[in-house]
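Have the sequence and the model open while reading.

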Amino acid sequence: MLEYLLSLAILMTIWSLLTQSYNLSFGLTGLFNLGHIIFYGMGAYTAAILSTQFGSPFLLNLLLGALIAGAFAAVLGLLTLRLSGHYLAIATLGAAMIAIVVATNWISLTNGPMGIRGISQPSILGVEFSSSWAVLALYLVIVIACQWVLWRLFRSPFGRLQRAIAHDEIAAKGLGKDTFRSQVWSLTLSAAFAAVAGGLYAHYRLFLDPSIFALPEIIFLLLMLIVGGQGSFSGAIGGTVIVLLLGEVPRFVGFPDALIGPARNLLYAALLISCMFFAPRGVVWLFTRRRASI
Amino acid sequence: MTLLLVENLSKSFGGVRAVDGLSFTVRPGSITGLIGPNGAGKTTAFNLITHFVPAESGQILYQGEDLRRVPAHRIVRKGIARTFQQIRLFRNLTVRENLLLACSHTYDGWWSSFSPVDEDLHLERLTALLEEVGLQDYLDHSAAELSYGQSKLVEILRCVLQDADLILLDEPAAGVNPTLLRTVERLIRRLNRDGKTLLIIEHHMPFLMRIADEVVVMENGRFLMQDTPEKVQTDPRVLEAYLGA
């Protein structure tokens, strides 16, 4: 039971970072990007490949994953951010589909559907974090540090500009703001943090396959943000915790194993509909009741 | 001497010729009105000058520099600020945040999140401006809480804070009650005294004729005349096209 709870806590820690990174580009800047999972997967694959093929250290894997995903996001942003709304969503969703195909078929790099095994456990300066307690402690430190950086971004004039762009890009341009550049930066930073979350995931699971890019993952991410509150810093964390905990409920109410998946989906649907009716700005807003809750 | 020269400017939307060979000038330090019936192309002219809509042909010279290749966000940095016909405040931000966005572009990059940001430098100026228009109590209110007239004022203040030499105001008096209208007028006159040049689209004729030094008249996307308010008000072409007999 303890091991299960620790595993849940570690996943929550990783997903809180992934959701917050998505909150930066989607929640704060208003980019309807459905390809965010690409950056998570890129971070995970970078860590897995570097770890298994070059034996490179854990922190370097995270850093390189962030750099590669950030660079890729910058290029993707330059190509797609002239689009907006549904067009951007379709273009980025298409990019996510391509990522699955690449991860499945570039066998020499990713080992295809067989996946990558033997990813090293996290270690820093020769100290291995092999127990779940140790991994949780390490991941908490890393994720809190990343969340602090994101918090600074949210609270800064940069964050204020992103909120302005999300509300009215034309008005922001009218104030002399280079909205395109700001959006590209938002996507780039958002991708870099998603990649760190992906790297943490790979080094925790120790196995990786193309399912990390699957469409349900992005739906899951959207659900967390909508439940917590799009654009709200605390909402992204709250939404992650609520959705992941709710997903575990069917395990404890005696559902047969075969029904746990469908029951979970029903609960998520009920949660989403409830939020639309009772907390359209997110559950965290119900407690803070402040505009632009941070 | 000319601050802004618009020459032979044209723009079509589909089959509609919104602006058709428009030419006029704006003298430095003047208040110039831009009038015409609805659909005359006044707002399109603003959008062409500020490059929110690209011109098909013609010239826009500001202080001698052609603006047609300057992107919209760079126009502000050249010294031209504008308001919009429909109020475009950021309703998800406070009045303070709306105004701070206009103050400086120094902190727009993400790296500013990790360097000391001393926005208090701007606060004194913000407070003084809000006091000037009677909105000092609204500094930390959400922009969504402002009335229509108050929103117009804050939008004009955002222009003021951009330190532009030329301010384009699109219908600053529309939908504003008489008390706030006096405030708008006082503010415009004060800005003009401080050396700012204003180009104002307006349908409120008594207001515009009081404050304008010159008036440009448009009809069906074309230039009709440019002269003093007195002459414009008595010109038969303007009377027929716009003001009524």
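This is a predicted model: local features need pLDDT of at least 70, side-chain atom pairs count only at pLDDT 80 or more; totals for chains, interfaces and linings use all residues.

Residues are numbered from 1 along each chain as its sequence is written, chains are lettered from A and ligands numbered from 1 in the order in which they are written, and side-chain values use heavy atoms, with hydrogens and water left out.

**Salt bridges**

- Side chains of opposite charge can pair when their charged atoms come close.
- Over all chains, the structure holds 17 salt bridges (a side-chain nitrogen of Lys or Arg within 4 Å of a carboxyl oxygen of Asp or Glu).
- One of them joins B:K78 and B:E65, at 2.9 Å from N to O. B:K78 sits in helix α2 (residues 72–78) of chain B and B:E65 in strand β5 (residues 65–66) of chain B, 13 residues apart. Helices (H or I, at least four residues) and strands (E, at least two) are DSSP runs, numbered from the N terminus.
- B:K78 has a relative accessible area of 33% and is partly exposed, and B:E65, at 32%, is also partly exposed (buried is under 20% relative accessible area, exposed over 50%, partly exposed in between, with a 1.4 Å probe and protein chains only).
- B:D140 and B:R96 form a salt bridge with their closest N and O atoms 2.8 Å apart. B:D140 is in the loop between α4 (120–132) and α5 (148–161) of chain B, and B:R96 is in helix α3 (residues 95–103) of chain B, 44 residues apart.
- B:E132 and B:R190 meet in a salt bridge of 2.7 Å, N to O. B:E132 lies in helix α4 of chain B and B:R190 in helix α6 (residues 178–193) of chain B, so this pair ties together parts 58 residues apart in sequence.
- Salt bridges with shared partners join B:R17, B:D20, B:E56 and B:R222 into one network.

**A helix pair in chain A**

- The axes of helix α1 (residues 2–28) of chain A and helix α9 (residues 179–205) of chain A come within 7 Å and cross at roughly 165°. Axes are lines fitted to C-alpha atoms, for helices over the stretch in contact, and angles run from 0 to 180 degrees between N-to-C directions.
- α1(A) is therefore roughly antiparallel to α9(A) (an angle over 145 degrees).
- Residues in contact (heavy atoms within 4.5 Å) include A:L11 and A:L18 in α1(A), and A:F193 and A:L200 in α9(A).

How values were computed:
Angles under 35 degrees count as roughly parallel, over 145 as roughly antiparallel, 65 to 115 as roughly perpendicular and the rest as oblique.
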